[in-house]
Amino acid sequence: MHILQRNILHYIPSLNRSMHLLKDLAYINGKWVSAIKQQTFPVYNPIDKSIIKNVPDMDVEDTKLAINSAFEAFKSFKKTTAKERSNLLRNWYNLIVKHSEDLAKILTKENGKSIAESKDEIRYGNSYIEWFSEEARRIEGEILQAPISNRNLLLWKEPIGVAALITPWNFPFAMITRKAAAALAVGCTCIIKPSEDTPLIALALVELAEKAGFPQGTINVITTSQKNSPIVGKELCENSNTRVLSFTGSTNVGKILYQQCASNVKRLCLELGGNASFIVFDSADIDLAIKGAMASKFRNCGQTCVSANRFFVQNSKFDQFVEMLLSKIKTEIRMGDGSKKDTTHGPLTKKSQLDLIHALVTDAVKKGAKLHCGGTPLPELGPLFYAPTLITGVTKEMEIYNREIFGPVAVIYKFDTEDEVIQKSNNVSVGLAGYFYSQDLSQIFRVAKQLEVGMIGVNEGLISTAEAAFGGIKESGLGREGSKHGIEDFLEIKYVCIGNLKY
């Protein structure tokens with residue numbers, strides 16, 4: 001019996017509901033391992049900065065081991081059938097469904113988001129595994145019309161090779177599944193480097209992948225501290241045995257990785273920073289706009305790349321919008337320990353982010369912006385809490401102007417005309433997502449065509465789904481994740497010309 005079929009048939013008895021998903025070892029070549037140099041680093045709970053676990057602090061030598069493991073595994077994994085890979089992914093999906101409560105608790109513990117948001121992320125992230133388990137069987141080549149009668153022209157689609165996946169701390173579960181499921185669906189093997197702030201959910205995820213029957217070396221997870229992350233990332237980029245790099249994170253880091261991948265012309269998929277505008281036109285349904293604003297701005301405390309960042313509200317709606325949003329912030333946001341049932345929003349994940357946000361808000365207020373609520377840390381709740389904030393009257397002289405904030409701060413600007421707001425919306429170097437609210441059908445099509453972003457929410461504040469192509473333009477990145485296009489970065493097209501046929 002094929003090794004994959006044996007693994008698939010035997011994965012269910014090997015797992016029981018009491019398994020402990022909190023791991024303190026990395027995963028290379030089907031084994032749970034320490035760093036070669038036996039170094040570790042702590043993973044903190046952002047609620048109180050207590051240590052959850054110490055995990056291996058891996059360096060270049062560990063990274064090479066993981067790459068070699070994936071490279072060797074690729075030689076056999078690329079020969080598996082689409083049906084076999086689909087079954088493996090479906091097993092993984094089913095195990096995640098079964099252990100979703102445990103996974104959500106780990107996510108809340110190391111990331112800080114509320115348990116409700118963590119459950120949503122587990123469901124959302126797992127939808128990519130389900131999606132790509134189905135897409136695995138729809139990878140099709142082409143037969144071309146030959147210009148000469150005795151030739152056949154074929155295009156084969158083949159897995160590109162070892163995939164290096166570098167993922168962030170804000171959606172540490174979903175950003176892994178969105179990448180890894182696509183890579184595995186086509187027959188690539190992968191090395192996952194999670195953020196140093198949130199490695200535990202990655203280790204729990206690969207524990208379930210192991211139980212699902214993925215062969216050794218197919219999926220590897222290396223954990224690194226902030227100190228070692230740059231050299232590990234450089235190795236993943238420059239090692240000739242990795243053939244594609246997929247990264248979600250800041251534009252600045254993405255540019256560094258882009259340069260490092262140039263040494264061997266590695267395939268790149270980059271999902272980088274955003275600075276999403278949220279436009280409310282005179283014709284907008286104001287209740288819908290407020291609902292969308294709350295979801296888009298304050299989900300995960302504003303720590304998402306597609307968060308509404310610059311609110312533009314047309315004159316006639318401005319005062320009403322500010323008043324209604326202020327009321328919603330005060331009545332619907334309950335900050336605290338994310339593991340508590342009534343908490344809607346937890347802390348920020350990083351102290352550097354809290355310090356930056358507070359500095360931006362303080363500068364704006366000092367230079368004349370109007371602070372409607374918030375504008376201060378909340379140390380009585382914990383070291384990384386920041387009050388939901390709403391400010392108006394921001395001008396170009398303020399540091400927060402046109403800045404991606406990545407926190408629970410809503411900056412609202414007033415505008416007069418459609419042309420004016422399109423110009424202001426497009427006047428940034430990035431273009432990931434944008435949102436606008438209008439009941440004017442002609443305006444909807446007109447504005448959607450002119451906004452310079454890769455994704456648009458029209459009368460909708462939550463747009464991410466496995467079925468849609470996720471990605472941006474300009475300095476927001478390269479490639480697309482999710483949808484049928486999400487597998488393309490992990491595939492090569494091989495052209496085969498068969499000539500001198502005798503018919």
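Q: Which helix supplies the largest share of the lining of the largest pocket?
A: Helix 9, with seven residues, in this predicted model.

Q: Which other elements supply at least two residues each?
A: Besides helix 9 (251-261), helix 8 (229-238), strand 10 (242-248) and helix 12 (351-366) each supply at least two.

Q: How much space lies in that largest pocket?
A: About 1300 Å³. Lining the pocket are 46 residues, and the closest to its centre are Phe-247, Gly-249, Ser-250, Thr-251 and Val-253.

Q: How does the lining divide into nonpolar, polar and charged?
A: The largest pocket has 18 nonpolar, 18 polar and ten charged residues in its lining.

Q: OK, cavities now. How many of 30 Å³ or more?
A: Four. In the largest cavity there is about 90 Å³ of space.

Q: Which residues line the largest cavity?
A: Tyr-124, Asn-170, Phe-171, Met-175, Arg-178, Arg-299, Thr-304, Cys-305, Val-306, Ser-464 and Phe-470. By class, six are nonpolar, three polar and two charged.

Q: Switching to helix packing. At what angle do helix 5 and helix 6 cross?
A: Roughly 10 degrees, and the axes of helix 5 (residues 115-135) and helix 6 (residues 174-186) come within 8 Å.

Q: Parallel or antiparallel, then?
A: Angles under 35 degrees count as roughly parallel, so helix 5 and helix 6 are roughly parallel to each other.

Q: Which residues meet there?
A: From helix 5, Glu-121, Tyr-124, Gly-125, Asn-126, Tyr-128, Ile-129 and Phe-132. Helix 6 meets them with Ala-174, Thr-177, Arg-178, Ala-181, Ala-182 and Ala-185. The contact of helix 5 with helix 6 has eight nonpolar, three polar and two charged residues. Tyr-124 and Arg-178 are in this contact and also in the lining of the largest cavity.

Q: And helix 4 with helix 7, what angle and how far apart are the axes?
A: Helix 4 (residues 100-111) and helix 7 (residues 200-212) pack at about 160 degrees, with their axes 9 Å apart. An angle over 145 counts as roughly antiparallel, so helix 4 and helix 7 are roughly antiparallel to each other.

Q: Left-handed or right-handed crossing?
A: Right-handed, as helix 4 passes helix 7.

Q: What meets what in helix 4 and helix 7?
A: Leu-103, Ile-106, Leu-107 and Glu-110 in helix 4 are in contact with Leu-200, Ile-201, Ala-204 and Leu-208 in helix 7.

Q: How many of those are nonpolar, polar or charged?
A: Seven are nonpolar, none polar and one charged.

Technical notes:
Residues numbered from 1 in each chain as written. Predicted model: local features only at pLDDT ≥ 70, side-chain atom pairs only at ≥ 80, totals over all residues. Heavy atoms only, no water. Axes fitted to C-alpha atoms, helices over the stretch in contact; angles between N-to-C directions. Helix = DSSP H or I, 4+ residues; strand = E, 2+ residues; numbered from the N terminus. Parallel < 35°, antiparallel > 145°, perpendicular 65-115°, else oblique. Left-handed = near helix turned anticlockwise from the far one by under 90°. Contact = heavy atoms within 4.5 Å. Nonpolar A, V, L, I, M, F, W, Y, C, P; charged D, E, K, R; others polar. 1 Å grid on protein atoms, 1.4 Å probe; cavity = no way out; pocket = protein on both sides within 12 Å on 5 of 7 lines; lining within 4 Å. Points joined across faces, edges and corners; volume = space filled by probe spheres on them.
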